[in-house]
Amino acid sequence: MGDISLRLWLDKPERSVNVFECLHIFREIVEIVHAAHSQGIVVHNVRPSCFVMSAFNHVWLIESATCSHSGSDTLEEAVEIKTPTPTSIHDMHQRRCLGSEDFVPVKTSTASLTDSSCMLSSVVFLAPASSVDDTEENKMKNRRKDEEVAGKKQSFPTKQVLQMETSWYTSPEEVAGTSLPSCASDVYQLGVLLFELFCPLISREEKRRTMSSLRHRVLPPQLLLKWPKEASFCLWLLHPEPNSRPTIGELLQSEFLNEPRDDIEKCEAVVEIGERIDDQELLLEFLSLIQQKKGEAAEKLQHTISFLCSDIEEATKQKTVFKEMTSTELGSDDCSTSSFPSITVVGNEDSACLGTRKRVRTIPCVDDTDTEGCECDSNMVDDQKNDTSILSKTPRFLNNLKKLESAYFLTRCKSAYSSRKLVVQDSPIDITDEKGSVVVAERNCANKVELKEMSREGKSLWTNPFLEGLCKYLSFSKLKVKADLKQGDLLQSSNLVCSLSFDRDAEFFATAGVNKKIKVFECNTTINEYRDIHYPVVEMVSRSTLSSTCWNTYIKSQIASSNFEGVVQLWDVTRSQVQSEMKEHERRVWSIDFSSADPTLLASGSDDGSVKLWNINQGVSVGTIKTKANVCCVQFPLDFAHFLAFGSADHQIYYYDLRNLKVPLCAMVGHDKTVSYIKFVDTMSLVSASTDNTLKLWDLSMCASRVIDSPIQSFTGHKNVKNFVGLSVSDGYIATGSETNEVFIYHKAFPMPALSFKFYSSDPLSGNEEDDSAQFITSVCWRGQSSTLVAANSTGNVKILQMT
């Protein structure tokens, strides 16, 4: 039994009178009142509702239980439950010094007291607020907390009972208004309390009649017959004349409270033992909780070790198979027929300083007569073991070991889930579904084919994606500058580049931005030929600041642009002139994109909250998607002309089937700020950039759920809180800018950057490079599916970089 209000304990229908128990409770309350009176304080609220009992009959004076004036009789509305706290003499004295109205100094004239308030404790213990993860343990704690709160509510009297109790415990002089609360009135209330302790009554109506008679000092016959000493003592305390009542000191010294009773010591011993039992139960509960928690952790760890052992065994088996295949091929008569070139891990000065290694493929010898010069040496495997050991100890590897570990578990669990899902889903999905099930159906077909191929080749379902990601993550050691684009716009006030884009064949790239010019450069010439100034092969001038450019994926010489006036323009690069203008947007257009599946289809997103679809042969929009927020980026998937994704200022990404523009197929929710860029990594996954300092990778095969709120990867390491910094993807590598004036490269398999490159400003006089923290990257673009990319910052500094 937990703590309970003394009022509810007294009103228990099944309660029987235990003389020792009742006297023990009464004496404890008398001692509390005596402590107050010895400091010159009138308690005034010596009522059962103002006391709480523990499981072992320890009594505490609690904080105020205030009756509501709303007339409600419900527990929640009628009573404000506070945490019971012991009240010391010092606390009472402090309350008196602070002028609390619940304590009245003896023989002082004060304002009338509220009848429904109890003596307040000077100490309130509050549980500290904390943010709790959604674990089973915390759920259990929350349930216990709720049960405790519910228990406190159930262990406190209602408003109606409090009102009746107040009338029963008011002394005759207070009722007559002839006296203020005094020590004598506290003694009168002790008399009423003593009566209730020794006279349990079953029905509320019987209690109301009996308590009304008690005011006239009329006691029930059964009390007089069964407890004559207690009844006589009670009448003394209930004397109508305050001066005829005993003082609290006389009570403590009275024969009634000090009469020797052998059973009291036994009772106190039982209470003490009970307290020790309670303490041991508390300790046991604590130890059991810790044991349960550690047991769950041990079980989880054992499960992890189990499948790690399984994976090591599988990887060892695959390695053995490949070695046998290599030995078989190399042992044949024609060494040149080998399809297994060796892969050695070599170091160089650049990679050594970064703590990374670079993989180099060496081709086996062609002349079978010269086996000594062949790279297929018998010691190759041992050398690779040593090199791999070195690789595992490099700082770059060890610094990201935790994140690599997390990625391993994530990849493995996801693959396990996918394999179970594919086994269950044998039935085909209707491709003609209006809600875009074509995407899910095609994805499932691809998954089944892939699953069959992997099973036939003996490959693990999870190894390939993780191993591929790990190899690509470690394949390059740094970003190297291949060329600096030196332009001659010395008189331009701003050369900030808002957009970079490569043409269909990745031969030319275009820059556009605040200078209102589209400049087209030949990439190889820029890289291979050193010049003081690089002149564009084509330069086209727009009327307004340019925000985005995009080359047609079919017509090599065609490029589209958008500007701050809301105009979308098509340019013929060979003629350096505008082909057509589309002016249906009402505000600035942030992004445009050509469909790779249908090169006549162009999409644009604007600050007017709309996405427009254009047919470039008609020069007018053929469809509009209206949204409630600014559209910052649009993107077609790689192989579908009927689908479109766009990012919005409402922090979400929307994916539409263009055959139904009314509702999206799904929305991707997870960013905390504006979504500034989106790019498709492959047919069914896209990456998004936001000004919340993150990139997120999304799986569109989950779009049947309408809302995707769990990205499959979140990339962090760069800084982006207010500017457009660029986003581009190539063969699983994701390039983005940062407001630290750096370019960051991620691989889709891991959440941490693989590479980074810092832009420095050149001093015009000395030519020395300086770190300018006020600048930021404005745009990045990969050269097709190669390891080369172009990046620009806010000063107009454009660099061609390559992963090496």
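Me: Hi! Where does the charged end of R15 sit?
Reply: Hi there! The charged end of R15 sits over the ring of W9, 5.0 Å from the ring's centre. Keep in mind that this is a predicted model.

Me: OK! And which ring does the charged end of R588 sit over?
Reply: That one is the ring of F564, and the distance to its centre is 5.0 Å.

Me: Which cluster is F564 in?
Reply: Ring pairs link F564 into a cluster with W590, Y677 and F724.

Me: How many aromatic pairs are there?
Reply: The count comes to 17 aromatic pairs. Take F509 and F521: their ring centres are 5.6 Å apart and their planes are at 25°. Planes under 30 degrees apart count as stacked, so F509 and F521 make a stacked pair.

Me: Where are F509 and F521 in the chain?
Reply: F509 is in strand β10 (residues 508-513) and F521 is in strand β11 (residues 517-522). They are 12 residues apart, and the pair links distant parts of the chain.

Me: Are those two, F509 and F521, buried or exposed?
Reply: Both F509 and F521 are buried.

Me: Back to the cluster, then. What kind of pair do Y677 and F724 make?
Reply: An edge-to-face one, because their planes are at 80° and anything over 60 counts as edge-to-face. The ring centres of Y677 and F724 lie 5.8 Å apart.

Me: What does the pair of Y677 and F724 tie together?
Reply: Parts that are 47 residues apart in sequence, because Y677 lies in strand β25 (residues 675-682) and F724 in the loop between β29 (713-715) and β30 (727-730). Y677 counts as buried at 16% relative accessibility, while F724 is partly exposed with a relative accessible area of 27%.

Me: New topic! What is phi of R217 near?
Reply: Phi of R217 is near 60°, a positive value in a residue other than glycine. Most residues other than glycine have a negative phi. R217 is found in the loop between α9 (204-214) and α10 (221-226), and R217 is partly exposed, with a relative accessible area of 32%.

Me: And what about phi of N741?
Reply: Also a positive value, near 65°. N741 has its place in the loop between β31 (733-737) and β32 (742-747). N741 is buried, with a relative accessible area of 0%.

Me: Last one: why is helix α6 largely enclosed by the rest of the structure?
Reply: Because seven of the 10 residues of α6 (residues 159-168) are buried. Among them are K159, L162, E165 and W168.

Key:
Residues are numbered from 1 along each chain as its sequence is written. This is a predicted model: local features need pLDDT of at least 70, side-chain atom pairs count only at pLDDT 80 or more; totals for chains, interfaces and linings use all residues. Side-chain values use heavy atoms; hydrogens and water are left out. Helices (H or I, at least four residues) and strands (E, at least two) are DSSP runs, numbered from the N terminus. Buried means under 20% relative accessible area, exposed over 50%, partly exposed in between (1.4 Å probe, protein chains only). Rings of Phe, Tyr and Trp (its six-membered ring) pair if their centres lie within 6.5 Å; planes under 30 degrees apart count as stacked, over 60 as edge-to-face and the rest as tilted. A charge sits over a ring if NZ of Lys or CZ of Arg is within 6 Å of the ring centre and within 35 degrees of the ring normal.
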